[in-house]
Amino acid sequence: MPKLTLSFKGHIIDVFHLEKAETSIGRDENCDIHIDSLAIAPQQAMIRQVHDDEHLLTGLDEAFPVLINHEKADSRALRHGDVIQIGKHTLSFSEDVMELGADLTTDLRQHETDQHDEEDSNLTTNGMLQIMNGENFGRIIPLKRNMTRIGHVGGDCAMVSKRDDGFFLSFLEGAQPPTVNRQAIGNESYRLKEGDVIEVGGTKMQFHI
């Protein structure tokens, strides 16, 4: 089921499933997605399900523009991985309940795994990384496989491993090892905790579970 993940300054606030034919977004308390901010119009946007597999976002107030992937959009069909900006908040659109925004640029699309890896049935909770800077701000990297590679091709790379007892970050290659909360992890594996801020190759990501 499609959903929107609401974030503010890189912190995930809430998740909204698009179950209705129309979903309103705004400051008004009667909106389906109510965001209490003066930077947002009382009725700022509407998302309509126009086909079984298509959702159309329409801005409702010209004084409060809606941006999709940093571009102004008066009306546009949403695609998996789109990031909607309204005021200082972001809404990440996902067509799949398990993947919030895996379609990233080439440098950040390296969360491939061995095709023979299977989902870890012993660890039922799926973690995620939310990008906190750069052109992909707000995008989500789902951590639902045993191993997720993050970083830049030919540059600094790291791996997040999903184990029975949690998620662990390890240095793969590059000039600089990843940092967690501004501390380099070196060649040791680091067990991630809710809210940890990771930096790999200049890209900052926050871990959530």
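Which strand does Ile140 lie in? Select Ile140 and find out. Keep in mind that this is a predicted model.

**Stop 1: Ile140**

Ile140 lies in strand E13, which covers residues 140-143. Is Ile140 buried or exposed? Its relative accessible area is 1%, under the 20% cut-off, so Ile140 counts as buried. In sequence, Ile140 and Gln130 are 10 residues apart. In space, their C-alpha atoms are 4.5 Å apart.

**Stop 2**

Select residues 203-208. This is strand E21. How many of its 6 residues are buried? The count is 5, so the strand is mostly covered.

Next, select residues 127-131, strand E12. E12 runs antiparallel to E21, and 4 bridges join them. Look for Met128: it stands opposite His208 in E21.

Now turn to residues 197-200, strand E20. Here too the direction is antiparallel to E21, with 4 bridges. Pick Ile198 in this pair. Its bridge partner in E21 is Met205.

Follow the chain from E20 to E21. The two strands form a hairpin, with 2 residues between them. Click on Gly201 in the turn: its phi is positive, about 55°.

Strands of a sheet pair through backbone hydrogen bonds, either parallel or antiparallel.

**Stop 3: a sheet of 4 strands**

Show strands E14, E15, E16 and E19. They make an open sheet, in the order E14-E15-E16-E19, with antiparallel pairing. Which strands are at the edges? They are E14 (147-151) and E19 (190-191), and each pairs on one side only.

Zoom in on E15, residues 157-163, and E16, residues 166-173. They are antiparallel and pair over 7 bridges. Find Arg163 in this pair. It stands opposite Gly166 in E16.

**Stop 4: a sheet of 5 strands**

Move to another open sheet. It has 5 strands, in the order E4-E3-E5-E6-E9, and its pairing is mixed. Why do E4 and E9 each have a side without a neighbour in the sheet? E4 (33-34) and E9 (75-77) stand at the edges with a single partner strand each, so one side of each is left without a neighbour.

Select E3, residues 22-26, together with E4. These two strands run parallel, joined by 2 bridges. Gly26 stands opposite His34 in E4.

**Stop 5: Asp82**

Is Asp82 buried or exposed? Its relative accessibility is 3%, so Asp82 counts as buried.

Show the side chains of Asp82 and Asn69. A polar contact of 2.9 Å joins them. Then display what else Asp82 touches. Leaving out residues up to four places away in sequence, its contacts are Ile68, Asn69, Arg76, Ala77, Leu91, Ser92 and Phe93.

**Stop 6**

Select Cys31. At 6% relative accessibility, Cys31 counts as buried. Now select Cys157. Cys157 is buried as well, with a relative accessible area of 1%. How many disulfides does the structure hold? The number is 0.

Methods:
Residues are numbered from 1 along each chain as its sequence is written. This is a predicted model: local features need pLDDT of at least 70, side-chain atom pairs count only at pLDDT 80 or more; totals for chains, interfaces and linings use all residues. Side-chain values use heavy atoms; hydrogens and water are left out. Two strands pair if DSSP finds at least two bridges between them. Buried means under 20% relative accessible area, exposed over 50%, partly exposed in between (1.4 Å probe, protein chains only). A polar contact is a pair of N or O atoms within 3.5 Å; within protein, one must be able to donate a hydrogen and the other to accept it, and residues adjacent in sequence count only if both atoms are side-chain atoms. Contact means heavy atoms within 4.5 Å. A disulfide is a pair of cysteine sulfur atoms within 2.5 Å.
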